Every structure is written in C-alpha cells, then in structure tokens.
Amino acid sequence: MNRTDPLTERQEYLIGGYVELSCGRCAARVRVRKSSPQQTSVQWSTRATRQCPVLTSDEGLHTPLPTCPDLHRSIQHAVRTGSLGVT
Ligand SMILES: [Zn+2]
C-alpha cells in the first residue's frame, strides 16, 4: 500500500520567510529559512535534488535530511551578508 502524498511545491514556500538560494558549486536552487540562529530549514525541490551531485551520490540518497556542503557555505554567506535573516 503506497498512499503517501508527495510533497507538492507550493507558493507558500515563498512567503513565511523563505529565501531562494543557489548552491555555490552545483547551482541547485533551494529555499532556505532561518527560524533561529541555530535552526535552518532547507526546502529541496525535486529538480534541485537531481541537480546536486552530493545528493545524487549513494551517500546523499541515504541521508534523511539532504545537505550539500557547498550549499551550507552559501547559506552561511547569505547570513553574513544579510540576505538571509532570522524570521
Ligand atoms: Zn550542491
């Protein structure tokens, strides 16, 4: 029985403090939101997960929470330059 509703990409992501960022290396575009200095939510689109070489690697496929080290750096840069603030 496979009755899971796939996560649909919806407009709501754009409101509620999400900022669009792209990975510095693979250029995958994701939506990022910081709810506190320690907490960062990243929304990966299907296209972005296919685009990122880290996520398409065996290791990436088995990680429950997709992360890319280059994207992580892009996020930190966005925080430092003020384009990603805590919301
Ligand atoms: Zn990447």
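This is a predicted model: local features need pLDDT of at least 70, side-chain atom pairs count only at pLDDT 80 or more; totals for chains, interfaces and linings use all residues.
Local features were taken at pLDDT of at least 70 and side-chain atom pairs only at pLDDT 80 or more, while totals for chains, interfaces and linings use all residues. Residues are numbered from 1 along each chain as its sequence is written, and side-chain values rest on heavy atoms, without hydrogens or water.

The structure contains four salt bridges. A salt bridge is a side-chain nitrogen of Lys or Arg within 4 Å of a carboxyl oxygen of Asp or Glu. Accessibility is given as relative accessible area: buried is under 20%, exposed is over 50%, and partly exposed lies in between (1.4 Å probe, protein chains only).

Asp-70 takes part in a salt bridge with Arg-25, at 2.8 Å from N to O. This pair links distant parts of the chain, 45 residues apart. Arg-25 sits in the loop between β1 (19-22) and β2 (29-36), whereas Asp-70 belongs to helix α4 (residues 69-81). Helices (H or I, at least four residues) and strands (E, at least two) are DSSP runs, numbered from the N terminus. Arg-25 is exposed at 54%. Asp-70 is buried at 12%.

Asp-70 also meets the side chain of Arg-73 in a salt bridge of 3.5 Å, N to O. Both residues lie in helix α4, three residues apart, so about one helical turn separates them. Arg-73 is exposed, with a value of 52%.

Another salt bridge joins Arg-29 to Glu-20, at 2.8 Å from N to O. Arg-29 is partly exposed at 43%. Glu-20 is likewise partly exposed, at 39%. A network of salt bridges links Glu-20, Arg-29 and Arg-31.
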